[in-house]
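Biologist: I have a model open and want to learn how to read it. Can you take me through it feature by feature?

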Amino acid sequence: MRRATAMGAQVQSGREKAYAFLKETVLTDPDMQGRFLTEQEIADRIGISRTPIREALLLLAAEDLVRLVPKRGAHIAPLSGREITELMELRGIVERYAADQSIAAGKVPVAELTELLERQRGLTGPDQAKEFIAVDHLFHATLIAAVGNELLNRHYEGLRSRQIRAGVVALYNQSGRQEEVLCEHRAILDAVAAGDTEAARAAISGHLETTLKVLLAG
């Protein structure tokens with residue numbers, strides 16, 4: 001029984017490792033968009049057996065992040081215009097609500113948001129684009145967390161992979177986008193810190209609308 005339990009834990013660990021690697025490293029790589037991945041290719045890259053990789057791919061397919069094609073592998077389809085538009089619409093609803101609620105409750109995490117903005121400011125250049133966008137997500141997620149609704153937190157976290165994929169592509173699509181994002185985040189931070197609900201909503205909407213335009217322009 002102990003041996004079976006240990007083996008089960010090992011498979012679970014392998015699946016989690018493969019899932020995290022695929023979601024955080026492969027799916028967010030602009031060069032991987034539109035490509036097919038095989039189980040063997042992934043196994044060679046991260047050094048685990050094909051079984052947990054297959055399980056990880058099934059999880060990602062269930063989330064519509066990859067499409068499994070018999071005899072070809074897992075297809076990483078670029079985010080469509082519709083997916084990008086719906087992502088930004090959903091983010092807008094959640095993030096404006098979070099701004100409203102955190103301001104009304106006097107729970108705006110000003111210090112945390114300021115620290116994250118400074119971290120982003122130190123991440124410049126294409127080689128740091130993925131980390132820049134990871135901190136970008138954390139900036140918005142910190143405002144969401146201030147509401148204190150755990151279900152809302154989990155819902156927003158579910159958008160993370162698509163958000164990072166879209167964000168990295170946006171940085172590659174437009175030169176100078178990193179500096180623009182910093183300015184847009186500064187406007188959001190200034191508005192919520194001042195307790196100005198309308199300004200916060202406008203700053204969030206402007207940030208997402210600009211990102212959407214960059215992504216759709218391709």
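**Reading the sheet, the loops and a ring**

Modeller: Lys71 sits in the loop between strand 2 and strand 3 (73-75). Keep in mind that this is a predicted model.

Biologist: What is the phi of Lys71?

Modeller: Phi is near 70° at Lys71, a positive value in a residue that is not glycine. Lys71 counts as exposed because its relative accessible area is 91%, and the cut-off for exposed is over 50%.

Biologist: Where does Asp64 lie?

Modeller: Asp64 is in the loop between helix 3 (50-62) and strand 2 (67-69). Asp64 is not a glycine, yet its phi is positive, at about 60°.

Biologist: Is Asp64 buried or exposed?

Modeller: Exposed, because the relative accessibility of Asp64 is 59%.

Biologist: Now the sheet. In what order do the strands come?

Modeller: Start with the general idea. Strands of a sheet pair through backbone hydrogen bonds, either parallel or antiparallel. Here three strands make an open sheet, ordered 1-3-2, with antiparallel pairing. Strand 1 (36-37) and strand 2 are the edge strands, each pairing on one side only.

Biologist: How many bridges join strand 1 to strand 3?

Modeller: Two, and these strands run antiparallel. Leu37 has Ala74 in strand 3 as its bridge partner.

Biologist: Next, rings. Which residue lies over the face of Phe36?

Modeller: Arg72 does, at 3.9 Å from the ring centre. To count, the CZ of an Arg must be within 6 Å of that centre and within 35 degrees of the ring normal.

Technical notes: Residues numbered from 1 in each chain as written. Predicted model: local features only at pLDDT ≥ 70, side-chain atom pairs only at ≥ 80, totals over all residues. Heavy atoms only, no water. Helix = DSSP H or I, 4+ residues; strand = E, 2+ residues; numbered from the N terminus. Buried < 20%, exposed > 50% of the residue type's maximum accessible area, 1.4 Å probe, protein only. Pairing = 2+ DSSP bridges.
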